[in-house]
Amino acid sequence: MQRHITLGEFIIENQKDFPYAKGELSALLSSIRLAGKMVNQEINKAGLAEITGKFGSENVQGEAQMKLDVLANDLFISTLKSRGEICGIASEEMEDFVAFDEDMHNDAKYVVLIDPLDGSSNIDVNVSVGTIFSIYRRISKPGTPVELEDFLQPGNEQVAAGYLIYGTSTILVFTTGNGVHGFTYDPGIGSFFLSNHNMQAPATGKIYSINEGNYVHFPEGVKQYLKWVQELDEGTNRPFTSRYIGSLVADFHRNLMKGGIYIYPRGTTAPNGKLRLLYECNPMAFIIEQAGGKATDGYTRIMDLDPKELHQRVPFFCGNKEMVEVAEGFMKKHNPEG
Ligand code: P6P
């Protein structure tokens with residue numbers, strides 16, 4: 001029986017896809033794989049081990065930190081640091097970036113930006129959550145401590161990006177710019193096995209993911225788009241279907257597999273939207289583009305945006321190319337001001 005290959009075997013077989021890496025990027029991905037296994041372990045027993053619930057502190061976003069948020073953050077930092085491949089890390093859970101300021105780390109080539117547990121408010125109700133990561137080469141002087149500029153790079157400069165979804169199964173999806181590949185975790189063996197080779201977003205779809213509870217705050221273009229998707233028109237397969245889990249990784253993964261669009265627009269309560277450019281939108285944009293889809297802020301390609309600060313928020317329209325372009329059409333028509 002032909003078995004599926006493991007993530008480690010895949011990386012070795014496709015080493016040519018990481019030509020610049022000389023093994024560092026492979027080691028980096030394997031440390032993310034290890035941290036993912038540990039977080040998965042904690043999430044699967046969360047209800048039993050009393051580690052769900054609030055940690056009593058708030059993160060830089062002013063959001064109550066769930067115990068698992070903090071645990072996931074610590075696990076990824078310690079695992080990534082231990083392999084010596086990165087010189088620093090920035091995380092949704094920390095106000096500033098962390099510089100691993102020792103000689104071994106200062107000579108490292110990469111930095112990682114991470115949302116260690118996205119959708120964590122869903123943990124207590126057993127809904128899928130995820131980890132999102134983005135990897136860049138450092139641009140500051142090698143051999144010195146990492147600097148803010150290493151993290152404020154446009155999405156075009158990513159060398160790899162991916163997510164783990166802790167759902168009915170735990171899946172690691174990543175790209176290094178040579179297609180998108182998914183690996184499903186087998187807890188009985190403790191390995192991730194290739195389950196989705198060269199994932200491609202369907203040419204179109206009929207699922208839209210948006211929190212319609214914020215309707216009154218939406219720009220007119222989004223309101224008109226929602227009116228359009230809900231009209232009856234067999235020729236364009238409408239009305240579309242609304243699916244919104246409230247966990248970006250889960251909504252993104254379903255839309256990637258089945259076809260759909262995820263929208264988190266700006267609104268009066270969130271003037272730049274809610275999602276963070278560096279460790280949510282850029283990595284997801286890299287993945288969706290590699291899968292043939294599109295990601296913009298309603299006007300501009302996400303990966304072309306020039307980051308100004310670590311926790312910068314941007315409006316996010318992401319999914320099938322054709323669906324995103326229709327939504328952009330409504331934004332340009334009704335909100336030409338951008
Ligand atoms: P709302 C989770 O906090 C998150 O960042 C995404 O995972 C999710 O899609 C979104 O926020 C949900 O936000 O405002 O609809 O609850």
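**Backbone, fold and salt bridges of the model**

Asparagine 198 is partly exposed, with a relative accessible area of 38%. The model is predicted, so local features need pLDDT of at least 70 and side-chain atom pairs count only at pLDDT 80 or more, while totals for chains, interfaces and linings use all residues. Residues are numbered from 1 along each chain as its sequence is written, and side-chain values use heavy atoms, with hydrogens and water left out.

Most residues other than glycine have a negative phi, and most peptide bonds are trans. Asparagine 198 sits in the loop between β10 (191-196) and β11 (207-209). Helices (H or I, at least four residues) and strands (E, at least two) are DSSP runs, numbered from the N terminus. Asparagine 126 has a positive phi too, near 60°. This residue lies in the loop between β5 (110-118) and β6 (129-137). Asparagine 126 counts as exposed because its relative accessibility is 75%. Proline 239 belongs to the loop between α6 (220-229) and β12 (241-242).

The overall fold comes next. The chain has 9 helices and 15 strands. Its radius of gyration is 19 Å, close to the 20 Å that the globule rule gives for 338 residues, so the chain is as compact as a globular protein of that length. The radius is taken over C-alpha atoms, and the rule is 2.2 Å times the number of residues to the power 0.38. Along its principal axes the C-alpha trace spans about 60 × 50 × 45 Å. Of the 338 residues, 58% count as buried. Among contacts (heavy atoms within 4.5 Å) with a separation of 6 or more, 65% come from residues 24 or more positions apart. The accessible surface (Shrake-Rupley method, 1.4 Å probe; for residues, only the protein chains shown count as cover) comes to about 14000 Å². Carbon and sulfur atoms hold 51% of that surface.

The buried residues of α6 are Gly221, Val222, Lys223, Tyr225, Leu226, Trp228 and Val229. They pack against β11, β13, β15 and α9. Helix α7 (residues 248-258) has 9 of its 11 residues buried, so it is also largely enclosed by the rest of the structure. The buried residues of α7 include Leu248, Phe252, His253 and Arg254. Glycine 259 follows α7, and the phi of this glycine is positive, near 95°.

Charged side chains were examined next. The chain has 31 positive and 43 negative side chains. Lys and Arg count as positive and Asp and Glu as negative; His and the chain ends are not counted. The centres of the two sets lie 5 Å apart, with each charge placed at NZ of Lys, CZ of Arg, CG of Asp or CD of Glu. Side chains of opposite charge can pair when their charged atoms come close. A salt bridge is a side-chain nitrogen of Lys or Arg within 4 Å of a carboxyl oxygen of Asp or Glu. By this rule there are 13 salt bridges.

Arginine 266 pairs with glutamate 337 in another salt bridge, the closest N and O atoms being 3.1 Å apart. This pair also links distant parts of the chain, 71 residues apart: arginine 266 in the loop between β13 and α8, glutamate 337 in the segment after α9 (321-334). Arginine 266 is partly exposed at 23% relative accessibility, whereas glutamate 337 is exposed at 56%.

Glutamate 289 and arginine 301 also form a salt bridge (2.8 Å, N to O). Glutamate 289 lies in helix α8 and arginine 301 in the loop between β14 (294-296) and β15 (316-319), so the pair ties together parts 12 residues apart in sequence. Glutamate 289 is partly exposed at 25% relative accessibility, and arginine 301 is partly exposed at 28%. Finally, salt bridges link Lys227, Glu231, Asp233 and Arg238 in a network.

Technical notes
Buried means under 20% relative accessible area, exposed over 50%, partly exposed in between (1.4 Å probe, protein chains only).
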